[in-house]
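Open the model in your viewer and keep the selection panel at hand. Each stop below says what to select and what is there.

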Amino acid sequence: MSAPRRLLLVNGPNLNLLGVREPEVYGTATLADVERIAADAAAARGFDVQAVQSNHEGVLIDAIHAARTECAGIVINPGGLTHTSVVLRDALSGVALPVAEVHISDVYAREQFRQVSYVRDVAAVHVIGEGVAGYATAVNLLIDVIAGQSEG
Ligand code: CA2
């Protein structure tokens with residue numbers, strides 16, 4: 001059976017505040033803008049996007065588990081869970097789908113605690129500090145990985 005032409009887009013805790021608070025760090029685009037940027041980039045490659053944002057880790061884990069049979073890959077900005085969550089990392093590694101890790105800000109130029117990512121080595125793609133345009137980059141690079149898998 002061929003893989004579904006669908007990506008799961010996961011935005012973690014507090015990313016619902018995009019465009020509402022801290023524009024000096026995260027810009028003025030909203031979560032709806034981010035979801036549209038990802039969906040447009042995916043549509044240009046013949047994929048659709050199922051988007052989830054939650055402030056609750058378990059909701060994110062359930063969505064990642066469901067993606068195992070419904071999606072070909074996962075684009076994720078785990079928010080602050082990037083730096084703390086073994087549970088999220090285990091879910092991503094457990095579903096064995098290709099993963100793109102995205103951060104709007106350059107986490108490597110910020111506080112030291114943001115320079116640790118529990119997700120980094122379960123992700124095939126990393127897009128860091130490109131602002132919200134990084135979601136389109138991540139979608140494209142992830143689809144390249146998916147296309148490479150189906151050739152191999
Ligand atoms: O740069 C990123 O994309 C982050 O993943 C964003 C997280 C932060 O904890 C990571 O270190 C880097 C924070 C998401 C919270 O987003 C907000 C947006 C507007 C106002 C307040 C928080």
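**Stop 1: the start of α4**

Select Ser 85 and Val 87. At the start of α4, a side-chain oxygen of Ser 85 comes within 3.5 Å of the backbone nitrogen of Val 87. Keep in mind that this is a predicted model.

Now go to the other end. Ala 96 follows α4, and its phi is positive, near 55°.

**Stop 2**

Select residues 86-95, which make up α4. Which residues of α4 are buried? Colour Leu 88, Ala 91, Leu 92 and Val 95. Look down the axis of α4: these buried residues fall within an arc of 95°, so they line one face of the helix.

Next, show what that face meets.

**Stop 3: across to α3**

Select residues 57-70, helix α3.

Colour the buried residues of α3: Leu 60, Ile 61, Ala 63, Ile 64 and Ala 67. Turn the view down the axis of α3. The buried residues fall within an arc of 160°, so they too line one face of their helix.

What is on the other side of α3? Select Asp 62, Arg 68 and Thr 69, which are exposed there.

Return to the buried residues of α3. They pack against β1, β2, β3 and α4. To show two of these partners, select 48-53 for β2 and 73-77 for β3.

**Stop 4: Asn 11 in β1**

Select residues 6-11 for strand β1, then pick out Asn 11 within the strand. Is Asn 11 buried or exposed? Asn 11 is buried, with a relative accessible area of 0%.

Show the contacts of Asn 11 beyond four places in sequence. Asn 11 touches Leu 31, Val 34, Val 52, Gln 53, Ser 54, Leu 60, Asn 77 and Tyr 135. Leu 60 is one of the buried residues of α3 seen at the last stop.

**Stop 5: Gly 73 in β3**

Select Gly 73, which is found in strand β3. Gly 73 is buried, with a relative accessible area of 0%.

Gly 73 and Leu 7 are 66 residues apart along the chain, yet their C-alpha atoms are separated by 5.2 Å. With residues up to four places away left out, Gly 73 touches Arg 6, Leu 7, Leu 8, Leu 97, Pro 98, Leu 142 and Ile 146.

**Stop 6: Asn 77 in β3**

Move along to Asn 77, also found in strand β3. Asn 77 is buried, with a relative accessible area of 4%.

Show the side chain of Asn 77. One of its polar atoms lies 3.0 Å from the backbone nitrogen of Gly 79. Beyond neighbours within four places in sequence, Asn 77 is in contact with Val 10, Asn 11, Gly 12, Leu 15, Val 102, His 103, Ile 104 and Tyr 135.

**Stop 7: the ligand**

Select the ligand and its surroundings. How many residues surround the ligand? There are 17, and the closest are Asn 77, His 83, Ile 104, Ser 105 and Arg 114.

- Ser 105: a polar side-chain atom lies 2.5 Å from an oxygen atom of the ligand.
- Ile 104: a backbone N or O atom lies 2.7 Å from an oxygen atom of the ligand.
- Gly 80: a backbone N or O atom lies 3.3 Å from an oxygen atom of the ligand.

Then show the surface. Taken alone, the ligand exposes 510 Å², and the protein buries 94% of that.

**Stop 8: His 126 in β5**

Select residues 125-128 for strand β5, and within the strand His 126. His 126 is partly exposed, with a relative accessible area of 37%.

Where does the side chain of His 126 reach? The side chain reaches the backbone oxygen of Arg 120 at 2.8 Å. The side chain of His 126 also reaches the backbone oxygen of Ala 123, at 3.4 Å. Leaving aside neighbours within four places in sequence, His 126 is in contact with Glu 101 and Arg 120.

His 126 and Val 95 are 31 residues apart in sequence and 18 Å apart in space, C-alpha to C-alpha. Val 95 is one of the buried residues of α4, the helix where the tour began.

Key: Residues are numbered from 1 along each chain as its sequence is written. This is a predicted model: local features need pLDDT of at least 70, side-chain atom pairs count only at pLDDT 80 or more; totals for chains, interfaces and linings use all residues. Side-chain values use heavy atoms; hydrogens and water are left out. Helices (H or I, at least four residues) and strands (E, at least two) are DSSP runs, numbered from the N terminus. Buried means under 20% relative accessible area, exposed over 50%, partly exposed in between (1.4 Å probe, protein chains only). Contact means heavy atoms within 4.5 Å. The expected span of a helix is 1.5 Å times one less than its number of residues. The arc is that of the directions from the helix axis to the C-beta atoms. A residue is near a molecule or strand if one of its heavy atoms lies within 4 Å of it. A polar contact is a pair of N or O atoms within 3.5 Å; within protein, one must be able to donate a hydrogen and the other to accept it, and residues adjacent in sequence count only if both atoms are side-chain atoms. Accessible areas come from the Shrake-Rupley method with a 1.4 Å probe; for residues, only the protein chains shown count as cover.
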